[in-house]
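Please look over the structure shown here. The report below takes up its aromatic rings first, then its cavities, then some points of the backbone.

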Amino acid sequence: MKNNLSVKIILWIAGLILLTGLPHVIGIYYTNMVVAFAIFSVFALSLNMLLGFTGLLSFGHAMFFGMGGYGTALALTHIPGLAVIPAVGIGAATAVLLALILSPLVVRVSGTAFAMLHLAFGQLLFVVALKLYKITGGEDGIGNFPMPGLFTESLSTSPVHFYYLAMIILGLCVWLMWFVTKTPFGQIQVGIRDNARRIDYLGYQVPQTKAVVYVLSAFFAGIAGSLYGLSHNLVSAEGSLGLWMSFYPIIATMIGGVGSFFGPILGVAVFQGIDELILRYTESTELVMGVILILVVMFLPAGLMGFISSLMLRLKSRSCKNQS
Amino acid sequence: MKRSSVGFLSVFLAFVVGSVVLFNSPAVFAAKPEKNVKAIKPVASFDVKKMADMSDFDPSNPITPSGDTIKIAVVAAFSGPSAYNGQIYYAMVQWVAHDINKRGGILVDGKKKLIEVIKADHQSKVDQCKKVTERMALQEKVHFFWGTDGSHFMKIINDTARKYKIIAINATCMSDDLQNATNFSPYAFHATFSTEMVARGMAYYYGQIRKKEKKFYILNQDYAFGRQFAEDFKKGLQEYHPQAQLVGEDFHKLFLTDYAPYLTKIQASGAEVIFTGDWLPDAGNLLKQARQMGIMLPFANVYVDEPNYLNETGVEGTKGLTNISAYYDSTPFFKTKEHIQMYTTWKQQQAKWKELPYSSIAFQHFTANAAAWVMTTYWAMSVLERAGSTDPDKIIKVWENDSFEYINGKVVKMRSCDHKAIMDLGVTEYVPPEQQKVSMNIEPFYWFKNASYTGPVYKVPAEKVLPWMDQNLDRCKGKNGWGE
Amino acid sequence: MNILETRNLQHSFGPLKVLFGVDLQIAQGERHAVIGPNGAGKTTLFNTITGTYRPTAGEVFFNGKNITGFPPYRLARIGVGRSFQITSTFANLTAFQNIRLAILAKDGIRFNLFRKVDQMKKISQETDEMLQRINLYEDRHTKASALSYGKSRALEISMALATDPELVLLDEFAAGMSKEETQDAVALIRRLTEGKTVVLIEHDMDVVFSLADRITVLHYGKILATGKPEDIRNNQDVKDAYLGDLEV
Amino acid sequence: MYISQAMHGIAYGMILFLIASGLNIIFGMMGILNMAHAAFFMLAGYFCYTVVGITGNFWLGLLIAPVLTACLGVLMERILIRRSHAAGHFGELILTMGVASVIVALIKKIWGTESLPLRVPDILQGMVSIAGMNYPIYRLFVIGLALGVLALMMLLLYRTRLGKIVRAAVSDRDMVNALGININLVFMFVFGVGTWMAGLAGVVIAPLLTVFPGLADQVGMDAFIVVVTGGLGSLAGAFIVAIIFGLLNSFGVQFVSQFAPVLMVAFMALVLAFRPNGLFGAKDR
Amino acid sequence: MLLEVKDLNTHYGPSHVLQGVHLEIAEGELVALLGRNGMGKSTTLKSIMGLVKPTSGSIRLDGSEIAGLPPFKVARAGIGYVPEERRIFPGLSVLDNLLLGVKGGRMADPNDPNAWTVERIFHHFPKLKERTHQHGGLLSGGEQQMLAIGRSLMGNPRLLLVDEPSEGLSPIMVQEVRNVLADINRAGVSVLLVEHNLKVALSLASRVYLMSKACVGCQASAEEVKTNAGLRAKYLEA
């Protein structure tokens, strides 16, 4: 046991050192890619909180992502001298506020209705964001908002500083989301996915529990959106609220594996890798992406995580057989 | 209606129609040179004689050099609904690259370097645009951005250009606010015309040259560019056409499916001209559906010039459209040997292109906006050549205040304080093939058989349509419209 | 005092009437069996009492309190638990996690987001105790869906009992069990329901007669008879309607 | 003017209905949300363009293109969807998204990115005078065709044995199977009909717009909204909502032009807020 | 033998529901399958029908193997299925429900006295005739049961699998259903009946299979079950 712990600590420290040194090794471009990867991982994980752990599929999760982005961008535009952390906080709070407003409506439903209701609200928000161009900048979005300094320089001119900030916040988010799955509440969440009726008969209130999960999920999506806006110094309707932004985490989660906590992260990694690679070799991003989706569904219905765990099982059973 | 009044009306109508036909005939109005206007003297010009043999150029299979090259990233949509735009731009820039590469490249920093053109797909999404420009800057280490369709994308290109000190050539995007006090970037050059120039130019044409229609309806796409365009046109009308009346103003969403409700509204408003800044595919669909509904009103436009759409709509449907392009100078088009040489080289070459979209009639003629894009690119390369370095600061120094003569004689000047191009504009009216010989003075004396196209071109002098200057921009404070 | 009482309880599914006014009195601490042929409305009776359906008419009292139409979670919190005829556990959770959810519910831990559940020693201890009592300790890390039939039934029953309800309704807990499994289950229920009130629907007459203090016979949505096992055994109406002319 | 706005609304609604109904039939029967539907719709436009290019006959295009599309739909059902049941409806959703993406990519490879013109056939060109106003014949034709398809679907569903099998299979596919009916064949047929309708819509809309690779995005979303608002699986719902949307659109433009695009989505959000399964949707499936 | 089931095994996910079931039914026989809830009686019928794929074992109809065939092929081979809960198509009229039972849409030869036609069904179930054009969903439970049986008969099966026909029916209805089944059997259709109501089952069946612990425990005659209380206690009293 003790041995295990020290190994763990060593691994953690090694990981931290690696992450700290990373930008100096791989350069700005790949550093930005790592930030984007971390952002989308948090976004996908926040969706999986609903989908994988509570069984609620949302076709409008971009709403919270976008609210996070707009909240932060507007705050930085209108409040002079606002620091980074409060700005991200305002973004997350905006997303949470939206979730609180929607929750009484959406917790009543599940399944297709839940997905479609979110499609509707997501689209509504998208169109409204375009219409309120005086506030949101319409198609242009809000760009070039002042970037607060974290240490000495402004964040926008120092991608490395931004990297550290983003990685700390996002790492914290991932840890928190992971932690939630380990709490009693996380257990109830999984219970709802498996058998909402039984949860009800055990004395838990299903709608209220769903609402809390919903708000939490929105909170993390909001943070992801906020950091996304900061990383690009731009928040736009299409880029943050568009339909694709709602489907992105779903597909990434699907590729990675819905059931497991780390599946979505794997999915995002694959997604980003493909995105980076495809563009180098072919212009037919659509073709490659489409074929991959088809292949994953046909041959890896449980996603990469499912595939890996079944592979591990097989290996394990083989080694067991060898032993006996 | 009483019999007598019918009689009167028909006589009146005959008179009106007769006079319209009479005064409309190109002989009366064609290209009366304006006097007392300031002409721009070219510092450099495009020399067709130096042009390389282009007989092996095919935009579908461009020869792309690698190694130590001058890199131009064409930032445009290569996928999504506007993918076509990217393909057009790419071909135009490739032409220039091919030509210069065959000449041996450009001498920069003491070494002759070839030009490498890279596709940068912004997928019509701002975030993707940000991503792809960053990659072009950091990974491909390009020297030039070349863009693009949509002011929101150009803004991002300019931002990235400023951040990584890359020259951004704006060859196609018209928004005026790109180079205003907040958005100005010394690395960005607005080398084409801008919304206010076009809108005021159109107003000038209707108020000062044509002087017929008085009722205008504005129909634009519902985003920053469309709204700005509408504002500018209203401003232009006040300035150059005070009797004009705006009978309606609408903004439709991008990539709209059904224009009928708008068109019905326009019809009911009694409008005589529809002013639109729509680009493809919206522009084409708008025209098509209007004609299908029997609405034959003229469109005053910038982008309703795509030959495929025009052909589809037919001669009748396209008659009377008025178009402004950044290329037109005057009629007839081919006044010099050089111009004809350039034109025929292109045309002969295009006939060999077998793959879509380059084999389609859209690429048949070297004219209009597409020709302007080629010329703008030559201009930028000429600046680079004269700067003799890829150092952006040296390029900026040469380009500021530079002026360049296109193959057709049009001269464009780069205003130094805010990097906006000053130029005369040509408003053209689309006429049926048999009348096209006014503009098309070489065989077969018409542009397209199945569509109305460029007829007489009316020049709007540069000083009437000087690009808007933001006086809040420090560099421009106290300067006149010429930046002097 | 009666712990559970229904007064003129009626229920219909659209035009199909299933319960025609059921008056049930369950005394504190008794084990009461509801029997009757398939389709007599036994499960519907359970569902109307435990809040799955709202009765079309009539009232339900628990400890003298009117609980008609209470949603399941409120019933659970005031001390009414139930098990299901078709096993209704959390299929993708282990036996341990299943029981732990019930224990957490009992202790009222609902929105705790601040401690890892694995570190809640008391909860884990209680869960393990429960697992030992139901002989599932060995299978504590087996997913519910992978348990054998008998064991998953045992889990089903103990889910209802682990929340420590005053009154528990068991819907055909022995359905599909073998003789030995059934005997084990009966013993389990005896052990776990010490001092609680139990209402059970059952087909297995051995179970009914060995477990029940009193029996109610439901027949086409009405109560045919209520009484001690011997009385029911000898009731001619019951024989005709349910037990049949087969000698029992 | 108001009459013609109403007519425009109905015409546009009918186009939406044509696309939506195919989507709806497939969902209603098979529970599959076919995200490739709009891509099939667009593909048919291209097929029609090619057929017209070869034969010069729009009517032949109207006949052949949807059938070709349907064939591809059937193939997709047979080769991909039937074998991906393990991934569940969620997987099918992603799968069809993948198919949509592939179709768009192939279209660009084969037909290029530019807008391909397709003319209104000569007979349907021009205007006709009804009720004191001129109205384009082609739009009347679209309305007529959609009504025709609706009638055909009704006939098929309510008057033929096949229709009865389909309706029976909606409620209980295993039972239908156990009665000796090859349910797989029925599903293939249903998928074929669904994509055929998408194809028909694609051909019909092509002369109003142009055939270009963004067509699916342009119209697909609206059709999807119609299906969702009307209630997944409800043909009547799709019909009524399509007309409501058409009217909302045209009168929206007339009176509150700035907010016309918001109206449709706001209507959807409002409907779903109170009836999460859509206006005529069945309870949760 | 008309139907021979040998060593049939069926799994639902990880649970082994049927563990080696053996059954035989001769031409013209009415055999009852009895046992407690959860013993796999319905699963046996579903496995024969192909609605659940058996893991292993053989099912032979007239000597030809039908195990693993899709349901529609089993149906076409001559087996009719009357499911638990009847599963009437609620949106279709009574007549349409019946007509869907006709295999391949080909009506039987009207001159064949043994063929089942709509008229013959209506003759057996006069109540259905009154409701020819009513929606299936509006029928009472008994009527639905009649319709479900009639629907299967329209396919002219040689063997009818009937699952819990008396469930949830009033005593009079139960009686009626019982008589109909007897009629049908007398008309030459073999029947495999799963039934809870012992009275009904034993009055109809010539032979009885008793299922317990998911396999066929023993075979008995109806007389035996009636008289042997021990047997009943062991397998049935549930």
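## Aromatic pairs

Over all chains, a search of the whole structure finds 62 aromatic pairs. One of them joins Tyr163(A) and Tyr164(A). Tyr163(A) is buried, because its relative accessible area is 1% and the limit for buried is under 20%. Keep in mind that this is a predicted model.

Another pair is stacked: Tyr327(B) and Tyr406(B). Here the centres are 6.3 Å apart, with 20° between the planes. Tyr327(B) lies in the loop between strand 13 (322–325) and helix 11 (337–352) of chain B, while Tyr406(B) lies in the loop between strand 14 (403–405) and strand 15 (411–415) of that chain, so the pair ties together parts that are 79 residues apart in sequence. Are these two tyrosines, Tyr327(B) and Tyr406(B), buried or exposed? Both Tyr327(B) and Tyr406(B) are buried.

## A ring cluster in chain B

Ring pairs also link up into a cluster in chain B. Its members include Tyr205(B), Tyr206(B), Phe216(B), Phe255(B), Trp279(B) and Tyr458(B).

Look at Phe255(B) again. Phe255(B) is in the loop between strand 10 (245–252) and helix 8 (260–269) of chain B. Its phi is positive, about 55°, although Phe255(B) is not a glycine. Phe255(B) counts as buried because its relative accessibility is 16%, and buried means under 20%.

## Charges over rings

The charged end of Lys222(C) sits over the ring of Phe20(C), 5.3 Å from its centre. The charged end of Arg233(C) sits over the ring of Phe209(C), at 4.1 Å from the ring centre.

## Cavities

How many cavities of 30 Å³ or more are there? The count comes to 13. The largest cavity has a volume of about 460 Å³. Its lining has 31 residues. Nearest its centre lie Ile88(B), Tyr303(B), Asp305(B), Asn369(B) and Trp373(B).

Helix 3 (83–102) and helix 12 (368–387) of chain B are the elements that give two or more residues to this lining. Helix 3 of chain B has the largest share, with five residues. By type, the lining of the largest cavity divides into 19 nonpolar, nine polar and three charged residues.

## Cis peptide bonds

Two cis peptide bonds in chain B involve prolines. The bond from Leu280(B) to Pro281(B) is cis, with omega near 0°. Pro281(B) lies in the loop between strand 11 (273–276) and helix 9 (282–292) of chain B.

Glu443(B) and Pro444(B) are also joined by a cis peptide bond, with omega about 0°. Pro444(B) is in the loop between strand 17 (425–431) and strand 18 (453–460) of chain B.

## Two residues of chain E

Asp62(E) has a positive phi, near 55°, and is a residue other than glycine. Asp62(E) is found in the loop between strand 4 (56–61) and strand 5 (64–65) of chain E. At 43% relative accessibility, Asp62(E) counts as partly exposed.

Glu176(E) is in helix 7 (residues 171–186) of chain E. Glu176(E) is partly exposed, at 30% relative accessibility. Glu176(E) and Val94(E) are 82 residues apart along the chain, and 19 Å separates their C-alpha atoms.

Key: Residues are numbered from 1 along each chain as its sequence is written. Chains are lettered from A and ligands numbered from 1 in the order in which they are written. This is a predicted model: local features need pLDDT of at least 70, side-chain atom pairs count only at pLDDT 80 or more; totals for chains, interfaces and linings use all residues. Side-chain values use heavy atoms; hydrogens and water are left out. On a 1 Å grid over the protein atoms alone, a cavity is a set of points where a 1.4 Å probe fits but cannot get out, and a pocket is an open set with protein on both sides within 12 Å along at least five of seven lines; lining residues have an atom within 4 Å of a point. Grid points are joined across faces, edges and corners, and a volume is the space filled by probe spheres set on the points. Helices (H or I, at least four residues) and strands (E, at least two) are DSSP runs, numbered from the N terminus. Ala, Val, Leu, Ile, Met, Phe, Trp, Tyr, Cys and Pro count as nonpolar, Asp, Glu, Lys and Arg as charged, and the others, Gly among them, as polar. Rings of Phe, Tyr and Trp (its six-membered ring) pair if their centres lie within 6.5 Å; planes under 30 degrees apart count as stacked, over 60 as edge-to-face and the rest as tilted. Buried means under 20% relative accessible area, exposed over 50%, partly exposed in between (1.4 Å probe, protein chains only). A charge sits over a ring if NZ of Lys or CZ of Arg is within 6 Å of the ring centre and within 35 degrees of the ring normal.
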